[in-house]
Amino acid sequence: MISPMQQVVIATRKRESREVIGALQTAGVLHLVPVSGQGVLSAGPHSSEDAEYRRESERLLARAESTLSELGAVRRQAGRLPPESEWPAVLEEAATPAADLARRRQALDGDLEVQRTYGEAAAALSELSGGLDHSRRVSLVPFIYQKPEELAALQLALQGSLEGRFELSTRALPSAKAGVGAGFVGAIATLVIDRDAARAALGKARLGELRLPGRFDGQPLGEVARELGRIGREGISQRDALERERVALSDQVGPTLFAMRDALSDQVAIHDVQGMSARGKYSLVMQGYVPEDRLGNLKSALEQFGNGVSYELHAPDPHQAAEIPVQLKNTSYSKNFELILGMLPLPRYGNFDPTGIISFFFPLFFGFIIADIGYGLLFFIVGTWFATMARNNKGVNLSAMNAYLGPDTMGKLGVIIRTMSTWAIFWGFLTGELFGNLGEHLHLFYISKPVIESIWRFPAGFVPVLEETGLLPIVFPRLAPWFTNTALITTLLIGIFMVLWSWGIRVQLAARHNDKHHLWEAIGMLGGLVGLVSLGFLSKGGNQLTSGGIYSDFSNPLLTLMYLGFAVFFLGMVMSKVFLMIIEILSQGGNIISFARLFAVGVAGAILANLATDVGWNLYKNIGVLGIIFGILLALLVHAFALAITIIGHVLQPIRLHFVEFLTPTGYHNESGTAYSPLRRLSAAALAKK
């Protein structure tokens, strides 16, 4: 559900405003919204003195955050917060060595990257140069090429440009000789005055001069090779030493920096609140929203100021729902499914929270689709692993998706997956499926003609004579051809219930908001759907639509219900003046039929599971004991493949039925809400007074 909110207006003396805002931060319940200043009250930028204080706070905060980032600091313990007057000096004392360390690490990382990229080439070119890289009259133009045939084009270009006034030397890189890489280096020796002509020849041959990055550009090749060789030998150990220095500095100053960062964040938040408030010469006015169940926290925070603070509480105006924050309040179980609802924007205040509905029907639909004891047990193991990781405060890094699942998310997923798997196991007992039809092969499940006829009230002779035996009778044989219509109608009944329920919610919401236009539209659609469903049953799924007898036999109560439903539909269309409802009613009928995908997707997956089991079982029957081994291995492979290609659909189809077929008629997607984000304190200690 959506937590009911109370709107609050708070007035305080300006000189005490920082203390009052600090108390509100400690309470952590007030969601603030801007106040428009009028008359003697003003809103917006601070005065020059306050603005300067704010700029200094923001500067120190940015400095603290950048220093923590440079150190890669992790909060491990609470640190001591120095007096506010010492913050600039303490921060500078930590930031200066941190910045110097970060600069040295960055420079070393750049050198290591150059060494990894150009170390081989620089060493080979140094040998080729033979000391000419120090000559004042001869210039060396180094280059890299990949294919030997590229050299012929270069020689032709050089001969045409320099007419013999050059020397060309090449060498294969060591990695190419070892067969683990490809590439050659070369150097053109020519007079200094001909250097540009040599470069132009490289361009004609579609090659380029090798230019080393950073501080190595323009240095003699011999010196570059020696320096890169040294970096290759000593760089890693130097990097490790810098890392140890970083960790030591982080452990030394990190706790204090985190304490200062939090205090500065609270201080900047106070400035933000003052900027959102209406201010007079002696007073300050704030407004916001508080959940009704947390009003006690707000009152306790303000009562300590006595007559220095006045506040007023009242129910929010429903016409201002766009700015009223939304806080979802669900049971400990349903709260886990807010993770699924998080894929959509929050509902607007005054709408409804479908989390409870999703928490029941989503795992139910998933279990109905899977309906396999074996698959359900596999999912239960996965869900238990997620829950165990969460209890151990561990997450999972999904590097391929550039995402990280924290312990809280892992715990919620554990609950969701285990609930889904429980429903899959439950439906698996009803369908008699254990890794497909393995349960039938092992005579754990069987189809009993008397049981089926007694449960589903089939006429005599409808169920074929079956001589199967086993331990447990199958109640819902969804793969049996003679049961297909029953299974399909079952899913359509679910669709009828869900779509009618969604329009019933729309009626309730429109009545709550006194929205007569949408109220009549929803009533009309609800009546039209009742009429349409009644017509579907009267005509036996449309097979007798042209039979005049079904429209005059009032002995069938469905006929009366159909006429009443269509009458309500036309009344709603006229009263709402939405004449396109004639088209929309057909679309809503399609939404009901969409629930047949629960049956279709499930049957497709079950057929693949049966195929996997039959393949392995037939190997056992034909080969014997050896076939058991090959049969199990092959069945596992086919099961894994079948599950991999179908699992996305098994999850997405129930989500789609909730997000599209169910939530769309309620108007859930029409408007979104603002998340409840209360003013909170980050620092443990109270801020010093200005």
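For the residue classes used below, Ala, Val, Leu, Ile, Met, Phe, Trp, Tyr, Cys and Pro are nonpolar, Asp, Glu, Lys and Arg are charged, and the others, Gly among them, are polar. Welcome to a predicted model, in which local features need pLDDT of at least 70, side-chain atom pairs count only at pLDDT 80 or more, and totals for chains, interfaces and linings use all residues. Residues are numbered from 1 along each chain as its sequence is written, and side-chain values use heavy atoms, with hydrogens and water left out.

**View 1. The whole chain.** Let us start with the protein chain, which holds 20 helices and 14 strands (DSSP runs numbered from the N terminus: H or I of at least four residues for helices, E of at least two for strands). Its C-alpha atoms fill a box of roughly 115 × 90 × 50 Å along the principal axes. The radius of gyration is 38 Å, whereas a compact globule of 690 residues would have one near 26 Å (taken over C-alpha atoms; the globule rule is 2.2 Å times the number of residues to the power 0.38). Of the 690 residues, 44% are buried (under 20% relative accessible area; exposed is over 50% and partly exposed in between, with a 1.4 Å probe and protein chains only).

**View 2. The largest cavity.** Here we look at a cavity of about 80 Å³. A cavity is a set of points on a 1 Å grid over the protein atoms alone where a 1.4 Å probe fits but cannot get out, and lining residues have an atom within 4 Å of a point. Its volume is the space filled by probe spheres set on the points, which are joined across faces, edges and corners. The count comes to 1 cavity of 30 Å³ or more.

**View 3. The cavity lining.** Which residues lie nearest the centre of the largest cavity? They are Ile370, Tyr375, Gly605, Ala606 and His650, from a lining of 15 residues. Helix 10 (355–370), helix 19 (597–623) and helix 20 (625–666) each give two or more residues to this lining, and helix 19 gives the most, with 5. By class, the lining has 8 nonpolar, 4 polar and 3 charged residues.

**View 4. Glu163 in its loop.** Glu163 sits between helix 4 (149–162) and strand 4 (166–172). This residue, which is not a glycine, has a positive phi near 50 degrees. Glu163 is exposed, at 59% relative accessible area.

**View 5. Lys577 in its loop.** The loop between helix 17 (557–576) and helix 18 (581–594) contains Lys577. Phi of Lys577 is positive, near 60 degrees, in a residue other than glycine. Buried or exposed, what is Lys577? Lys577 is exposed, with a relative accessible area of 66%.

Notes:
On a 1 Å grid over the protein atoms alone, a cavity is a set of points where a 1.4 Å probe fits but cannot get out, and a pocket is an open set with protein on both sides within 12 Å along at least five of seven lines; lining residues have an atom within 4 Å of a point.
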